[in-house]
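Keep the viewer open as you read.

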Amino acid sequence: MSDQVLERAAQPALDIDPARLLRRIAELARIGADTTTGGITREGFGAADRTARAYLMDEARAAGLTTAVDAAGNVVIRRAAAEAGERPALMMGSHLDTVVNGGRLDGAYGVLAALEVLQTFAASGLEPHCDPVAVAFANEEGALFPQPFWGSMAIAGRLAGLPREPRDHHGRPLREALRRAGGDLDALGTACWPHGSVAAYLELHVEQGPVLERSGSRIGVVSAITGRTVLTLEVRGAAGHSGTSPMAGRRDALAAAARIVLAAEHLAAERRLCRVATVGHIDTRPNTPNTIAGTVRMTVDLRDTDLWRLAGAEEVLRRLLRTIENSTGTEIEVVAETRSDPVSTSRGLRTAIEDSADALDLPHEVLPSGAGHDAQMIADLAPIGMIFVPSLGGISHVPQEDTSDEDLVAGARVLLRTALHVADTDPADAGYRA
Ligand code: GLV
Ligand code: MN
Ligand code: MN
């Protein structure tokens, strides 16, 4: 890092504004909040998600920044519209959508910290080598539309991996929901960023696991992100009267689904073909006590840091589906599938994050991520770096997900310092790819 930038980073003008960051985190947490459970539900492209996006854009514009929504529904924030494309971008961000009944920090923290760092840059008057850009990627979780990483896949140019007419878990088309969010399914190609347009990507996130809390580290430097395959299945049987249909000859879709749940668990827990396997979503129809289930929609989420193990586990699962079909008289169709490969972060960016944490006197450690992140998709386009802060109790995707204010502020400071380092480095000699 040059003396000029280090000197300016030490000045209060180039610190983030902790109160502003914490205020925005608290305000965003009210959008989609359920006062009974204490959880937050902002399914991607749902009404609460749209409100959250509007909130982010209002905050950015009030700070004098410019906002745009691309065809995939990603919110892109810059210091000035005229900067677009002039220099390679230093992209920072995460997602605003949540799982059903999730917590206040997963994704939202990274987006608001990116906004905070961008605002700090804008106020600094620095003329960096890179154009700092904050992005809120659309539909990272895939809670309603089963295409997780939708927005980051589009930016990374992975259009071939996206369905032409995506539908939500209830069969409703994405087209209209995307239009309401400011996107355009027919113009998806315009959301892709060309190669060379992003110098580096940085994502700040809560760890969502117990490692940092247990070791007492304040900062996590992510080494690699797990690979993940999600299959959405439709199991079709025959609905019928629960009292009058003999057991022999039934085609019970829910009984078949139960076998799938156990097969997925067995695959990871007993056969160890992949690290973890989860059926987290199941929707049975007609879902009434005295009728045999006619149709079930469900997801199977497989994860591993080794691409070949992940592919092998999927192959075995698909064979088991055929066996379950035959033994239950049902039809099992894979109606949606998404894959995110395991990726490593850039060695150069890891060093920059470690140096930033050292400069701020924050104990840190290197660890892999068991959760998926938009960074995985952006890795197609640019070197990536990820910063974690500790999760209280190591829990996430539940209402109790939390991190201390001190750690939230510390993480944003590490993001700022790392961003200053990247922005001050000529991308031509950066060597972040390694
Ligand atoms: C993303 O939230 C994931 O499921 O890992
Ligand atoms: Mn999540
Ligand atoms: Mn997340």
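How are the donor residues of the manganese ion (ligand 2) spaced in sequence? They follow the pattern D-x34-E-x255-H.

## About the model

This is a predicted model, in which local features need pLDDT of at least 70, side-chain atom pairs count only at pLDDT 80 or more, and totals for chains, interfaces and linings use all residues. Residues are numbered from 1 along each chain as its sequence is written, chains are lettered from A and ligands numbered from 1 in the order in which they are written, and side-chain values use heavy atoms, with hydrogens and water left out.

## The manganese ion (ligand 2)

Three protein residues supply the donors here: Asp-106 through OD, Glu-141 through OE and His-397 through NE2, at 2.0 to 2.1 Å from the manganese ion (ligand 2). Donors are N, O and S atoms within 2.8 Å of the metal (3.2 Å for Na, K and Ca), and since water is not among the atoms, sites may look incomplete.

Asp-106 sits in the loop between strand S3 (89-95) and helix H4 (108-124), while Glu-141 sits in the loop between strand S4 (131-137) and helix H5 (150-155), so this pair ties together parts that are 35 residues apart in sequence. Helices (H or I, at least four residues) and strands (E, at least two) are DSSP runs, numbered from the N terminus. Asp-106 counts as buried at 5% relative accessibility, and Glu-141 is also buried, at 11%. Buried means under 20% relative accessible area, exposed over 50%, and partly exposed in between (1.4 Å probe, protein chains only).

His-95 belongs to strand S3 and Asp-106 to the loop between S3 and H4, so the two tie together parts that are 11 residues apart in sequence. Both His-95 and Asp-106 are buried.

What links the manganese ion (ligand 3) and the manganese ion (ligand 2)? Asp-106 bridges them, and the two ions lie 3.7 Å apart.

## Around ligand 1

Ligand 1 is surrounded by Glu-140, Glu-141, Arg-228, Arg-303, Ala-371, Gly-372 and His-397, where each such residue has a heavy atom within 4 Å of the ligand.

Several polar contacts (pairs of N or O atoms within 3.5 Å) reach oxygen atoms of ligand 1. A polar side-chain atom of Arg-303 lies 2.7 Å from one such oxygen, a backbone N or O atom of Gly-372 lies 2.6 Å from an oxygen, and a side-chain N or O atom of His-397 is 3.2 Å from an oxygen. The protein covers 95% of the 200 Å² of accessible area that ligand 1 has on its own, as given by the Shrake-Rupley method with a 1.4 Å probe.

## Backbone details

Most residues other than glycine have a negative phi, and most peptide bonds are trans. The bond from Arg-285 to Pro-286 is cis, with omega near 5°, and Pro-286 lies in the loop between strand S10 (282-285) and strand S11 (291-292).

That loop also holds Asn-287, which has a positive phi of about 60° and is exposed, with a relative accessible area of 60%. Phe-149, in the loop between S4 and H5, has a positive phi of about 65° but is buried, at 3%.

Note on methods: A polar contact is a pair of N or O atoms within 3.5 Å; within protein, one must be able to donate a hydrogen and the other to accept it, and residues adjacent in sequence count only if both atoms are side-chain atoms.
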